[in-house]
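Hi,

Here is the structure I promised to pass on.

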Amino acid sequence: MSAATSNPQAPVVELAPFRGGRRWVVGGGAAGLVFLILTFIGMAVSPREAFYSYLVAFAYWCGIAMASVILLMIFHATHARWMTVLRRPVEVMAASVAIFLLLFIPLAIGMKHIYIWVDPPADLGREALRLLAHKRPYLNPTGFVVRAVAYLLVATFLSWRLYGWSLRQDKTGEVALTQRQRNLGAGGLPFIGIAISFAAFDWLMSLNPTWFSTVYGVYFFSGSLVASLSLLAIVTGMGRARNVFGGHMTDEHTHSVGKLMLAFTCFWTYIAFSQLLLIWIAGLPEETPFYITRFGAGWAWVGALLIFGHFFLPFAALLSRSLKRNPFRLGVVAGWILLIHYVDIFWLVMPSLHPEGFSLHWTNVTAFLGVGLVAIAFAVSRLRGRFAIPVKDPYLADSFRYRP
């Protein structure tokens with residue numbers, strides 16, 4: 001039932017604005033800048049290693065932010081009332097996508113060290129050079145930067161518009177703002193879906209510019225969405241332990257987040273297996289090299305780790321009803337999923353630099369921590385001084401009473 005027809009009343013919630021998170025904003029932000037500076041030093045000393053490490057970190061954290069925008073819009077589009085009490089953490093996770101407009105600058109500067117199509121070597125091979133020339137109208141530095149900015153601007157506009165309406169409703173209690181959020185959530189989904197899919201094509205798939213997969217964007221989205229839900233499980237678990245939600249979050253909400261984690265773990269597996277199966281059965285020479293490299297001796301164990309670590313382990317754990325209702329135990333599983341998602345992005349990117357086998361560089365750590373801490377600090381800063389739950393949402397009482 002829409003807000004316009006039911007005209008429900010928001011419950012009276014005695015909750016002070018969120019004043020915590022100062023250590024994350026100040027300390028985390030400062031530490032993130034230090035790690036970014038170290039990464040930039042690495043770019044000067046060992047540019048290819050450092051820029052590839054930065055790409056992994058950027059794709060990981062930006063993917064989570066963009067997936068959070070999609071998650072927020074799905075909740076609005078489906079008129080989901082149960083998650084109203086948890087919506088504010090999703091909103092700030094989604095709003096953090098704006099910081100990636102700045103964090104993209106190093107990739108724009110160093111793309112020649114990452115993407116072979118920027119300046120193809122003469123010894124690449126006649127057929128490969130012909131294909132790259134054919135793709136030049138799309139794969140060129142100017143188009144790459146313009147499209148990346150467009151993807152991030154679309155995600156930023158949608159997330160900030162939804163968050164702005166939500167904050168405005170905290171002050172005015174306008175019921176009509178709920179319907180506006182629902183309308184934008186439904187109407188904007190195709191645009192953010194296209195943005196994250198083409199971002200995956202540009203940022204990751206073009207590392208192998210003569211290779212292609214039509215479901216690559218969905219693969220990136222599904223993994224990022226599982227990671228986004230896992231981060232939500234950790235954040236809400238920590239908030240619940242500190243009574244940030246005023247005691248209104250229950251085991252039922254935790255349970256439903258866990259069920260979504262289970263569902264999208266299965267969805268990621270379905271997309272990953274479908275891509276592999278179709279490419280392997282077809283056996284086309286322009287498609288199989290991607291997997292031949294990643295199933296070679298130096299990378300096969302990483303692929304095996306993904307099979308067991310990204311599906312079997314979290315799938316088996318999340319089947320447990322009691323685990324999904326326990327914030328701490330669910331947080332442990334969520335932490336594992338976040339770790340294995342990094343392995344997944346690493347496995348997508350690094351074989352292009354080291355086809356001979358797995359290799360680590362110190363900038364892998366500095367780039368991951370630098371981008372991550374800056375993004376987290378920015379997200380927390382968007383929450384400070386605001387209510388941790390949408391206190392005047394007309395369906396907040398339904399969320400309090402939620403029973404699946």
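One cut-off before the details: a residue counts as buried when its relative accessible area is under 20%. Please also keep in mind that this is a predicted model.

With that cut-off in hand, start with Arg147. Its relative accessible area is 16%, so Arg147 is buried. You will find Arg147 in helix H8, which covers residues 141–172. What does Arg147 contact, once its neighbours within four places in sequence are left aside? The answer is Tyr138 and Asp202.

H8 packs with helix H9 (residues 176–203), the axes being 9 Å apart and the angle about 160 degrees. Angles over 145 degrees count as roughly antiparallel, and therefore H8 and H9 are roughly antiparallel to each other. The crossing of H8 past H9 is left-handed. As for what sits in that contact, the residues divide into 17 nonpolar, 6 polar and 5 charged.

The next residue I looked at is Ser256, which belongs to helix H11 (residues 251–282). Is Ser256 buried or exposed? With a relative accessible area of 5%, it falls under the cut-off, so Ser256 is buried. Not counting residues up to four places away in sequence, Ser256 touches Trp82 and Tyr402. With Tyr402 there is a side-chain to side-chain polar contact of 2.6 Å.

Last, a second pair of helices. H4 (residues 87–95) and H16 (residues 362–383) have axes that come within 8 Å and cross at roughly 130 degrees. That angle makes H4 oblique to H16, and the crossing is right-handed. Which residues meet there? From H4 they are Arg88, Val92 and Ala95, and from H16 they are Phe378, Ala379, Arg382 and Leu383. Sorted by class, this contact has 5 nonpolar residues, 2 charged ones and no polar ones.

If you want to click through it yourself, I would go to Arg147 with Tyr138 and Asp202, then to Ser256 with Trp82 and Tyr402, and then to the H4 and H16 crossing.

Cheers

How values were computed. Residues numbered from 1 in each chain as written. Predicted model: local features only at pLDDT ≥ 70, side-chain atom pairs only at ≥ 80, totals over all residues. Heavy atoms only, no water. Helix = DSSP H or I, 4+ residues; strand = E, 2+ residues; numbered from the N terminus. Buried < 20%, exposed > 50% of the residue type's maximum accessible area, 1.4 Å probe, protein only. Contact = heavy atoms within 4.5 Å. Polar contact = N/O pair within 3.5 Å; in protein donor to acceptor, adjacent residues only side chain to side chain. Axes fitted to C-alpha atoms, helices over the stretch in contact; angles between N-to-C directions. Parallel < 35°, antiparallel > 145°, perpendicular 65-115°, else oblique. Left-handed = near helix turned anticlockwise from the far one by under 90°. Nonpolar A, V, L, I, M, F, W, Y, C, P; charged D, E, K, R; others polar.
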